Amino acid sequence: MAALVTGAASGIGRACAAELLRRGAAVTGLDLSPSVVTAFESASWLGVECDVTDPQAQAAALRRAVERFGGIDIVVICAGIFTGTGPIAALDRSAWRKTMEVNVDAAADLLSGVHPFLSLSPAGGRVAVVSTRNVPAPGPGAAAYSSSKAALTQLARVAALEWASHGIRVNIVNPDAVFDTGIWNDELLAARASQYNMDVESYKRRNLLGTAVTSNHVATVVAELVGDRFEATTGAQIPIDGGNERVV
């Protein structure tokens, strides 16, 4: 099986790439960071420095993946940004547009470009989209991020509808409070905790299980979704959030 993972240099994307490699897949990883090229030492790894918001660069990366591994059976969309917090009344339009460009537009371009390869997969194409708990349960101060992920989720749902007849399944995971990613830093954590009138440590475990959710938790679920055990599942949305009372 040949997989393509965006946002593969760090966080959830890197964890997904590592898990797929561990399970025997050949993996092409895309990321804006040049560190993606040497992220893993394996003949089954191809790291491509790529700005996913550049359609031509993304198309070139797809060609490299197909030339190297003979096709694409699996796509995992992890690339995303969080441009900061703020109320809608003080909307930063440039931040809004950048968030949409990375989190939605680039994913739409990728899905459009990769469809011919997924439809040719002898095992049946598989797509996993990493969205967020903010889709079913948004919070204040993150309008751009929440809206972009809602749009991404809807895009994935439409793809599930359109592509089922082509043997391609498309599923979604909704993580929350995954703090070992490039999106988070101390300043952002403090700001988000303040939004909920919580200290940082309490904010990190603000779920029903009181547990820390990691990139590896997300990667394990993603790998199962694109594996054979979920061959009869498409259009699903799976929370990976320790349990959230607003979602449950």
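This is a predicted model: local features need pLDDT of at least 70, side-chain atom pairs count only at pLDDT 80 or more; totals for chains, interfaces and linings use all residues.

Reader: How many disulfides does the model have?
Author: A disulfide needs a pair of cysteine sulfur atoms within 2.5 Å. The cysteine sulfur closest to that of Cys16 is in Cys78, at 4.1 Å, which is too far for a bond. Cys78, at 14% relative accessibility, is likewise counted as buried. By the distance rule, the number of disulfides is zero.

Reader: At what angle do the axes of H3 and H4 cross, and are the helices roughly parallel or roughly antiparallel?
Author: The axes of H3 (residues 93–119) and H4 (residues 143–163) come within 8 Å and cross at roughly 15°. The crossing is right-handed. Angles under 35 degrees count as roughly parallel. H3 and H4 are therefore roughly parallel.

Reader: How many residues of the contact of H3 with H4 are charged?
Author: H3 contributes residues including Trp96, Met100, Leu111 and His115, while those from H4 include Tyr145, Lys149, Leu152 and Trp163. Of the contact residues, 14 are nonpolar and five are polar. The number that are charged is one.

Reader: Which helix do the buried residues of H7 pack against?
Author: In H7 (residues 215–225), the buried residues include Ser215, Val218, Val222 and Leu225. The buried residues of H7 pack against strands S4 (74–77), S5 (126–130), S6 (169–175) and S7 (237–240). The helix they pack against is H1 (11–22).

Terms used: Residues are numbered from 1 along each chain as its sequence is written. Side-chain values use heavy atoms; hydrogens and water are left out. Axes are lines fitted to C-alpha atoms, for helices over the stretch in contact, and angles run from 0 to 180 degrees between N-to-C directions. Helices (H or I, at least four residues) and strands (E, at least two) are DSSP runs, numbered from the N terminus. Angles under 35 degrees count as roughly parallel, over 145 as roughly antiparallel, 65 to 115 as roughly perpendicular and the rest as oblique. A crossing is left-handed if the near helix is turned anticlockwise from the far one by less than a right angle, and right-handed if clockwise. Contact means heavy atoms within 4.5 Å. Ala, Val, Leu, Ile, Met, Phe, Trp, Tyr, Cys and Pro count as nonpolar, Asp, Glu, Lys and Arg as charged, and the others, Gly among them, as polar. Buried means under 20% relative accessible area, exposed over 50%, partly exposed in between (1.4 Å probe, protein chains only).
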